Amino acid sequence: MPPPYSNGYGYESSALPNSYDYGYRNSGEFQSICDDIYAGAKTMTGRLWGYTNGRGRHAAWGLVIKAGQQVRRNLTRRRLLSFPHILVVLWVLVMLWGERWIFASRVRSCDWDHWEDWPAGVTPHRLIFVADPQIIDPHSYPGRPWPLDSLTIVMTDNYMRRSYRQLQKVLHPDTVFFLGDLFDGGREWKTAHGDFDDPEWAKGHRPSEEQKYVKEWNKYYGEEYWLEEYERFGDIFYDSWSLGGNFPGPGQRGRKLISSLPGNHDLGFGAQVKVSTRHRFSAYFGETNRVDVIGNHTFVSVDTVSLSAGTSNMKDQHDLRPIYGPAQEFLKGVKATKRRAVQKEVRFWKGDVEDPVFEQKVEDLSSADYSNRPTLDLGEDAPDFPTILLTHVPLYRDPGTPCGPMREHWPPAKPPKGQTGPVIPDHGNAIRVAGGYQYQNVLDREDSMNLLKSIGNVKHAFSGDDHDYCDIVHTPDQENVREITVKSISMAMGVPTPGFQMVSLYNPIDDKGNPLPGSPKTTLQTHLCLLPTQLSTYMTYAILGILSGLILIARAFLVSALSLQPFALDPVQSSSSAILPIFKAKAENDEGAHDGKSGSPWTSSTKFPSRVSTTRTRGQSITNGLSPQARAASPNHKGKMSPGKWGWGQNKGPRIEIRRDSYYDDKERSWRPASRSKSKLSLVTTEIWTTAWRVLWMVLLFFAYLTYKG
């Protein structure tokens, strides 16, 4: 045999390298681990398969049967027409009113025919201004925990979506203008290109509650998030555009939706506007400074949040021309742009080619005449349509200038006795002349006057930003222009009742663009349309919820006191798993006596209690195991055998069903009921819980459905 120091093959162990031995042992250990994992997985799979084909399948089938029984018990006529379900129907109607019908009702009350006052038979152009949707995002309520932040977004989005859908379906506007602040935190979401960092001089200007979130915003909310918000905005407002119809009203050129006017929440304000942010905004929404001819009126949209950088205190310390330069250049040529736009509109209605037509000829470059080129700009004497200025930030006004009786947040002050006009100044009813980080409530006086002078022929102005309604007529140095600041359409902007502004335009012209004789002096009519007050809707839900609870409690006491049919169902009795019968035959023999000497162990009445007592180790109820069947035993009769084994197949004679709710008391040596009748307090409690839970989950499920559908 090999020596004791050898490796079993006649060679000394030292002849084998250590690395070989290490690798061999590790390979064996790895193989062993793999085998163990495989064996364990195979065993678990086998057990799972066995359970699925055995007890698992029976358990699943039992659950299905139990669910089917429960559904069947709930689908009876008495059950369906019970009081809790009637209360659910009431809730459904109230929620349909609060989440759907009230929006249609409010918008329908603003129909054009209810307030337009034009001559009979005319076809005005119908336009709507939507201000400050300011869709909620992480900038709106920083630090608000989940799920409150997500719930706030869903609720506010649904409110605007429902309002805007009814706006389109009921009013069918020819044109819709948005007046800025499309997003709430659009200026904070980092751009993919360009410098997005705050300038050194602006650092530290942020409010302290915002400053601690800046790093988080820059890290998690960038270009991709902004694009998601853009898609979300489109889902609320763009996707519903077709509900207003594919064709404009009679005599109108076409339908338009213009959302290119930025607000301070989209870009920032003044010297702190980021050029890269504005480039992104204009790339997706259109030019921020533009001229549109609509309904024989000229609409001039001006990016006043960028223009304000030209009068900023930082202008002399830093080069801000990239911010305010485009707006200033636009204003320098806006009058010529207006004239060209008017001529293009006139040529369209005449059936001519809108753009100028050049003569086709060949000329020598050195002798070519450029002085008589075709142009649409016919000079300052050319016809001009009434001009309407659109700006996100309202024009300047003296502090305390009242906004009128339709301002919701602060109504006008009561004038002293004998005074017929409004109280001036009325600081409570006015837009506060103030500013702060990334906002300014009104433009500077210099910017306001420059705007009106540069544009010319401004008859009306519309603005946003303030979220509440304001209607003023400016002073003569601002050309007595009437300006309406439009309410926000969002329910989350601090004003209880949102709304939008309706405008009806009628300005008939001749083939030159001049007004027809006898045309109305006022070519524009407006109407403020108020939307539902969501707080009132929620208060209605709260009141109905309290009343529902009180009614269900009162009903539960009446059920107990008057012995009415309760709503709560008795628990479903589970079927016995034993194989012995649960019915006792009631057949009698001719002699009416039992054979006490029968060899069956089930016929002895003296042994039965002891037999039962030996089976009482698994619970107090005899319904498990053999107990119910033990009670089902029937004695043998003389001269006659039961036609069925163990009581099965008993086709003749009456049968008595053995009670399942009784057990044998060893101490008292008698049968006792396993369950006692419920007390009145227990019945009331069960009835309150059952009815309240039924109403609650059905109401919440329907509300979740309405919320999901928008």
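## Report on a predicted protein chain

Among contacts in the protein chain with a separation of 6 or more, 78% join residues 24 or more positions apart, a contact being heavy atoms within 4.5 Å. The model is predicted, so local features need pLDDT of at least 70 and side-chain atom pairs count only at pLDDT 80 or more, while totals for chains, interfaces and linings use all residues. Residues are numbered from 1 along each chain as its sequence is written, and side-chain values use heavy atoms, with hydrogens and water left out.

The chain has 18 helices and 17 strands; these are DSSP runs, with helices (H or I) of at least four residues and strands (E) of at least two, numbered from the N terminus. Of its 710 residues, 41% count as buried, meaning under 20% relative accessible area.

Helices H5 and H8 pack with their axes 8 Å apart, at an angle of about 35 degrees. Axes are lines fitted to C-alpha atoms over the stretch in contact, and angles run from 0 to 180 degrees between N-to-C directions. The residues that make this contact are listed below.

| Helix | Residues in the contact |
|---|---|
| H5 | Ile-153, Asp-157, Met-160, Arg-161, Tyr-164 |
| H8 | Arg-232, Asp-235, Ile-236, Phe-237 |

By class, the contact of H5 with H8 holds five nonpolar, four charged and no polar residues; Ile, Met, Phe and Tyr are among the nonpolar types, and Asp and Arg among the charged ones.

Leu-550 lies in helix H15. Leu-550 is exposed because its relative accessible area is 52%, where exposed means over 50%.

How values were computed
Buried means under 20% relative accessible area, exposed over 50%, partly exposed in between (1.4 Å probe, protein chains only).
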